[in-house]
Amino acid sequence: MKLEMALAIALVLAVASWTQDFFPKEAHNLNWGKFSGFWYIIAIATDTKGFLPARDKRKLGASVVKVQRTGQLRVVIAFSRPQGCQSREVILKKDRKKPVFRNPLSTGASPAVKGVKGFHVLSTDYTHGLVYLRLGRAGNNYKSLLLLNRQNISSFLSLREFLDTCHTLQLTKQAAILPKDDSCAHTILP
Ligand SMILES: *[C@@H]1O[C@H](CO)[C@@H](O)[C@H](O)[C@H]1NC(C)=O
C-alpha cells in the first residue's frame, strides 16, 4: 500500500516536472519554400492579456510567410484585436542550427521590433500547420499557438492536435477557435 502510494506520488512529480520543462519540438526537414504563402489563422491560444477581442468581434486571422534571401523570413500577420483589425510585418533571421526564425533585434539591449521574437513551426503537412510564436518586448515574454490552414476551414484532427498542444503548453485559458469571418484576413491577401 505504502509503496503504491510512493509510486503514485513519484509519477505525479515526474509528469509535473516534464510539463514544466516542456518546450515544443520544431518540425524536422521543413521546406520553407513550400511553407511560404498565404495562411488563414483558424484558432489561437495565447497568454498575452487582452489579445483577443470580445467574442462577437472575433474573426479569422491571416499570415503571409515569405522566404526572402538566404536566412531571412518575412512574416505578415493580420489579426482582429480589441482595437480592430491590425496587421504587422516582421523580418526574421534563421537560426544556424534549428528550423527556427528569430528576430535579430530581440536579443541584447534593443527591444524586439514589433514584438515578435520567434516563429517556430511545430508541425505541418503544408495544407495546415501548427506555429508557436514567441512575443514580447524587452523582459516581457508571451507565447501564442496558432493553427494555420490554407483554407478557411480546419479538420477535426488538426483541431485535436491544436488543443492537445495547448494543454502541453499550458495555454488553455485564452484559446479560441475563430469565427469564419474573413474580412480581416483578406486585408493581407497577396
Ligand atoms: C470560405 O472560402 C470559400 C472559398 O475559398 C468561400 O466560398 C466561402 O465563402 C468562405 N466561407 C466563409 C464563411 O467566409
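The lining of the largest cavity consists, by class, of ten nonpolar, three polar and two charged residues; Ala, Val, Leu, Ile, Met, Phe, Trp, Tyr, Cys and Pro count as nonpolar, Asp, Glu, Lys and Arg as charged, and the others, Gly among them, as polar. The model is predicted: local features need pLDDT of at least 70, side-chain atom pairs count only at pLDDT 80 or more, and totals for chains, interfaces and linings use all residues. Residues are numbered from 1 along each chain as its sequence is written, and side-chain values use heavy atoms, with hydrogens and water left out.

The structure holds one cavity of 30 Å³ or more (a set of points on a 1 Å grid over the protein atoms alone where a 1.4 Å probe fits but cannot get out; lining residues have an atom within 4 Å of a point). The space in the largest cavity is about 170 Å³, a volume being the space filled by probe spheres set on grid points joined across faces, edges and corners. Among the 15 lining residues, Phe51, Ile77, Phe79, Arg81 and Arg88 are the closest to the centre of the largest cavity. Strands (DSSP runs of E, at least two residues, numbered from the N terminus) contribute to this lining: β1 (37-46), β3 (72-81), β4 (84-94), β7 (128-135) and β8 (142-149) each supply at least two residues. The largest share, four residues, comes from β3.

Six aromatic pairs were found in a search of the whole structure (rings of Phe, Tyr and Trp, the last by its six-membered ring, with centres within 6.5 Å; planes under 30 degrees apart are stacked, over 60 edge-to-face and the rest tilted). Phenylalanine 38 and tyrosine 40 form an edge-to-face pair, 5.0 Å centre to centre with 90° between the planes. The pair of phenylalanine 51 and phenylalanine 79 is tilted, at 5.3 Å and 40°. Because phenylalanine 51 lies in the loop between β1 and β2 (61-67) and phenylalanine 79 in strand β3, this pair ties together parts that are 28 residues apart in sequence. Both phenylalanine 51 and phenylalanine 79 are buried (under 20% relative accessible area; exposed is over 50%, partly exposed in between, with a 1.4 Å probe and protein chains only).

One disulfide (a pair of cysteine sulfur atoms within 2.5 Å) was found in the whole structure. Cysteine 85 and cysteine 184 form this link, with sulfur atoms 2.1 Å apart. Cysteine 85 lies in strand β4 and cysteine 184 in the segment after β9 (175-177), so parts 99 residues apart in sequence are tied together. Cysteine 85 is partly exposed at 40% relative accessibility, whereas cysteine 184 is buried at 1%.

How values were computed: 1 Å grid on protein atoms, 1.4 Å probe; cavity = no way out; pocket = protein on both sides within 12 Å on 5 of 7 lines; lining within 4 Å.
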